[in-house]
Amino acid sequence: MGEQCTACGNAASVASRLTMAFQPIVNLRTRQVFAHEALVRGIQGESAHDILSTVPPTERYAFDQACRVVAIQTAAKVGPPALLSINFLPNAVYNPEHCLQATFAAAKAAGWPLNRVIFEVTEHEEVVDHDHLVGILSAYKAHGFLTAIDDFGAGFAGMNLLADFQPDLLKLDIALIRHINADPKRQCIVRHLVSLCAELGVAVIAEGVETEAECRALMDLGIPLQQGFYFARPLTAGLPDIHWPPESGKRPDDR
C-alpha cells in the first residue's frame, strides 16, 4: 500500500490519551442504523474541543492519525461492523497515500472492512489548499472508502468544494436544521439542496436533529438519514440505544 507514514510523530502516545464516543446516524425509512459517527473524547472525559485545543501544530499529524486508529479499534470492540464515520483534519494530511497506512493497518488488525469506513471532512476547518483537499478525498474514494462533507452550509468550502468533488454523503449543518419545521425559508433552501444532491448522486444527512417536529419536517423534505440528540446522545466506548419516532405518522398522544 506504499511506504509507511513518517510524519505522524508520536501517534501511539497520542492514541493512549484518547477514546471514542459513538452517535448513530439513522435511516428512518428502514428504521435501521445507517452508521455510527466516532467522536473523540479524552480518557478523563474531555470533549473533542478541549482535546483539540491542546494539540500544538507540530502534533496535528499525530492527532489525526491517532483518532483514526482509536476509532477503528474501539468500534471493533463495541459493536458489529456497521458503517463507521471518522472525522479527519484535511490540513493534517501531507500525502493521502502515506497517511492512510495507519488506517489500513488498524483495519486489518481489527478485522474492520475498509468499505465500512466513511471519512468526513468538516467545513469548520479553513481549507488551506483546496486542490489538495480534493486530491485527498479523491484518493480516499479510490481506495473504496466512503466520503462525506460535514457541516455543509456553515463553513469554508461550500459549493466550491461540491463543484469539484462529489462525495457519497453531504451532512447539512445544524444551523439549517434548527426549527426547520417552522421556518419556510430553511425548508426552501434544504428542499433545493436535496434536489441538487440527488442530481449529483450525493445522499443527504441532516445532523443536529433535536425534536420530533424537525425529524418529520426533514422526512417530508426527502431526508431519511438523520442524526442528533432526538435519536441518541453520544455514548463513550459503547453504542447508545436509539429513540425512534412513532411509526405511521402517529404521535404519542394520538388516540
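Predicted model: local features only at pLDDT ≥ 70, side-chain atom pairs only at ≥ 80, totals over all residues.
Visitor: How are helices H3 and H4 oriented to each other?

Guide: Helix H3 covers residues 60-78 and helix H4 residues 101-110, and their axes come within 9 Å. These axes cross at roughly 15°. Angles under 35 degrees count as roughly parallel, and H3 and H4 are therefore roughly parallel.

Visitor: Which residues of H4 make the contact with H3?

Guide: The crossing of the two helices is right-handed. On the H3 side, the contact is made by Gln 65, Arg 68, Val 69, Ile 72 and Ala 76. By class, the contact has 7 nonpolar, 2 polar and 1 charged residues. The H4 side consists of Ala 102, Thr 103, Ala 106, Ala 107 and Ala 110.

Visitor: Which residue of S5 is the bridge partner of Thr 122?

Guide: Strand S5, residues 146-152, is mostly covered, with 6 of its 7 residues buried. Strand S4, residues 117-122, runs parallel to S5 and is joined to it by 5 bridges. In S5, the partner of Thr 122 is Asp 150.

Visitor: What covers the buried residues of helix H9?

Guide: In H9, residues 212-220, the buried residues are Glu 212, Glu 214, Cys 215, Arg 216, Ala 217 and Leu 218. Just after H9, Gly 222 takes a positive phi of about 90°. The cover of the buried residues includes helix H7 (174-177), strand S7 (203-207) and strand S8 (225-227).

Methods: Residues numbered from 1 in each chain as written. Heavy atoms only, no water. Axes fitted to C-alpha atoms, helices over the stretch in contact; angles between N-to-C directions. Helix = DSSP H or I, 4+ residues; strand = E, 2+ residues; numbered from the N terminus. Parallel < 35°, antiparallel > 145°, perpendicular 65-115°, else oblique. Left-handed = near helix turned anticlockwise from the far one by under 90°. Contact = heavy atoms within 4.5 Å. Nonpolar A, V, L, I, M, F, W, Y, C, P; charged D, E, K, R; others polar. Buried < 20%, exposed > 50% of the residue type's maximum accessible area, 1.4 Å probe, protein only. Pairing = 2+ DSSP bridges.
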